[in-house]
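The report below describes a protein model by way of its core, its helices and its aromatic side chains. Please keep the sequence and the coordinates at hand while reading.

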Amino acid sequence: MSYPGYPPQSGGYPPQAGGYPPQPGAYPPQAGGYPPAAGGYPPAAGGYPPAAGGYPPQAGGYPPQAGGYPPAAGGYPPAAGGYPPQAGGYPAPAGGFPPQAGGYPQPGAGGYPSMPPAGGGWGAAPGGYGAPGGAQQGYPGGPAPGQQPMPNYPGAPTTNPSMPGYGSGAPSNPQAPAIPKGYRGSIKNFPGADPLRDVEVLRKAMKGFGTDENAIIELLGSRTNKQRVPMVAAYKTTYGKDLAHDLKSELTGNFEKLVLAMMMSPSPFDASELREAIKGAGTDEACLIEILSSRSNAEICEIAKIYKAEYGKSLEDAISSDTSGHFRRLLISLSQGNRDERETVDISLAKQDAQKLYAAGENKVGTDESQFNAILCARSKPHLRAVFQEYQQMCGRDIEKSICREMSGNVESGMVAVVRCIRNTPAYFAERLHKAMQGAGTKDRTLIRIMVSRSEVDMLDIRQEYLKAYGKSLYTHISGDTSGDYKKLLLKLCGGSD
């Protein structure tokens with residue numbers, strides 16, 4: 001690559017005739033030495049770099065000649081094509097370091113290195129690194145409208161045309177709680193657990209007069225679900241008896257229910273909980289929403305398959321026959337296990353969805369529940385978090401408040417629960433646990449289900465949210481609200497006080 005007035009002529013820097021050291025008249029010793037001799041440093045033919053096309057002396061020489069180093073046209077900094085400012089910056093003409101015309105720094109031209117990942121990603125169109133809510137727009141010198149009210153943020157000029165309506169502002173999933181990386185469950189794999197040895201412990205605990213509950217608590221409370229479930233087959237293989245049956249005959253009350261729940265795989269357990277919620281006296285709507293809005297597509301499909309096999313009726317039919325109206329439609333939509341699960345967020349689509357929700361609720365007489373249903377049940381969770389934020393900015397009201405104003409009954413509580421669960425899942429479960437233990441009587445079924453099903457998912461996050469929301473730890477509340485062996489095993493699942 002050649003700089004305008006630099007070393008490019010025939011006879012470049014070292015090797016050609018007239019190069020640096022070897023020719024007569026070269027640097028120190030030969031005739032024509034450094035200062036005095038004819039052929040000295042600058043002037044004589046054959047001087048320092050002298051050959052035709054040598055280093056300085058030709059036109060375009062070092063200091064003085066036309067095209068020289070600093071002053072002449074084409075020189076190093078100032079000339080067109082120079083380092084930062086002109087079009088065609090540093091290395092490649094037109095289209096400097098990132099792709100834009102205008103080389104390396106060029107303010108505003110589309111973020112830092114301008115990679116095209118998720119909206120507002122690393123260098124998406126101005127919308128710097130991931131500043132919450134569109135602050136710090138554009139890495140080096142883009143506009144920074146972090147201070148103005150946020151509805152404006154996608155409107156800022158998108159200086160990077162290759163990414164149509166994308167970043168321009170919000171990070172890809174605004175308003176989600178910071179998702180801590182790594183494993184967030186409270187129960188961890190027990191190294192070297194062996195189901196055959198474990199069932200011996202269980203058998204010994206149940207055999208003879210009385211039951212050694214503490215041995216059962218210690219064993220089950222230190223094994224993950226994947227280590228507990230094989231015990232059922234190992235027990236039958238070793239003793240020719242059904243483990244669940246033996247546990248039922250030895251244990252009682254909530255402790256028995258908790259132990260049996262812990263011996264089931266997650267999807268069969270969820271299926272049995274849905275069955276109980278539907279067939280019991282009165283439907284436990286909150287349980288249906290809790291399971292269907294917090295599980296992944298794959299989990300929901302697995303639950304539906306098991307439900308059909310176990311109870312001879314599809315989950316959808318069971319829901320249909322037990323619920324009605326828009327609440328039924330909400331549950332059936334959720335039970336399809338067909339939610340978009342992409343992680344990327346298109347802010348322009350989020351804005352459109354927020355406008356649709358506004359038009360279907362606050363902005364009309366009556367409410368179009370089916371529009372809420374369509375968006376809340378089909379869109380991805382990161383996308384919906386962006387929608388909730390856009391909605392808040394657009395009409396100055398939280399989406400939950402709007403739902404409460406616009407709907408009533410089961411469909412209201414169902415939609416609000418879906419919104420809460422998507423917005424911040426651990427906080428949603430913390431609230432469910434608090435409600436289960438608050439007031440007269442404990443809703444033990446809810447308490448058992450959440451403690452068992454979340455102990456290997458996000459129990460540590462639920463504990464944090466619980467402490468934040470209610471000022472005391474989940475551990476303390478469980479200790480005060482339950483008793484005996486039931487309490488001991490629940491506290492094992494909780495994993496510690498905060």
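## Terms and basis

A nonpolar core is a set of buried Ala, Val, Leu, Ile, Met, Phe, Trp, Tyr and Cys residues joined through side-chain atoms within 4.5 Å, where buried means under 20% relative accessible area, exposed means over 50% and partly exposed lies in between, computed with a 1.4 Å probe on protein chains only. The model is a predicted one, in which local features need pLDDT of at least 70 and side-chain atom pairs count only at pLDDT 80 or more, while totals for chains, interfaces and linings use all residues. Residues are numbered from 1 along each chain as its sequence is written, and side-chain values use heavy atoms, with hydrogens and water left out.

## Overall composition

The protein holds 21 helices and zero strands, helices (H or I, at least four residues) and strands (E, at least two) being DSSP runs that are numbered from the N terminus. Of its 498 residues, 45% are buried.

In soluble globular proteins, nonpolar side chains tend to be buried together. In this model the largest nonpolar core has 90 residues, and L258, I289, M451 and L474 are those with the most contacts inside it. Helix 16 (residues 409-423) supplies the largest share of this core, namely eight residues. When neighbours within four places in sequence are left aside, the contacts of L258 are I448, V452, Y486, L489, L490 and L493.

I289 is one of the buried residues of helix 8, which also include C287, L288, E290, I291, L292, S293 and S294. Because eight of its 10 residues are buried, helix 8 is largely enclosed by the rest of the structure.

The 15 residues of helix 16 should span 21 Å at 1.5 Å a residue, and its end C-alpha atoms are 21 Å apart, which agrees; the expected span is 1.5 Å times one less than the number of residues. Its buried residues are V411, G414, M415, V416, A417, V418, V419, C421, I422 and R423, and what covers them includes helix 8 (285-294), helix 11 (325-335), helix 13, helix 14, helix 15 and helix 17 (425-437).

L384, which has its place in helix 14, counts as buried at 0% relative accessibility. The C-alpha atoms of L384 and V419 are 8.5 Å apart in space, although the two residues are 35 apart in sequence. Apart from neighbours within four places in sequence, L384 is in contact with R339, I375, L376, R379 and I422.

## Helix 12

Helix 12 (residues 347-360) has 14 residues and reaches 20 Å from its first C-alpha to its last, close to the 20 Å expected at 1.5 Å a residue. Within helix 12, the buried residues are I347, A350, D353, A354, L357 and A360. Seen down the axis, these buried residues fall within an arc of 140°, so they line one face of helix 12; the arc is that of the directions from the helix axis to the C-beta atoms. The buried residues of helix 12 pack against helix 13 (369-378), helix 14 (381-395) and helix 15 (399-406).

## Two loop residues

E343, found in the loop between helix 11 and helix 12, is exposed, with a relative accessible area of 60%. Its C-alpha atom is separated by 7.4 Å from that of S380, 37 residues apart along the chain.

K443 lies in the loop between helix 17 and helix 18 (444-454) and is partly exposed, with a relative accessible area of 49%. Not counting residues up to four places away in sequence, K443 touches K435 and A436.

## Aromatic rings

A search of the whole structure finds five aromatic pairs. Rings of Phe, Tyr and Trp (its six-membered ring) pair if their centres lie within 6.5 Å, and planes under 30 degrees apart count as stacked, over 60 as edge-to-face and the rest as tilted. The rings of Y466 and Y470 have centres 4.9 Å apart and planes at 55°, so this pair is tilted. Y466 and Y470 are four residues apart in helix 19 (residues 459-470), and are therefore separated by about one helical turn. Y466 counts as buried at 0% relative accessibility, whereas Y470, at 29%, counts as partly exposed.

A charge sits over a ring if NZ of Lys or CZ of Arg is within 6 Å of the ring centre and within 35 degrees of the ring normal. The charged end of R203 sits over the ring of Y239, 5.4 Å from its centre, and R223 lies over the face of F190, at 4.0 Å from the ring centre.

Definitions and conventions: Contact = heavy atoms within 4.5 Å.
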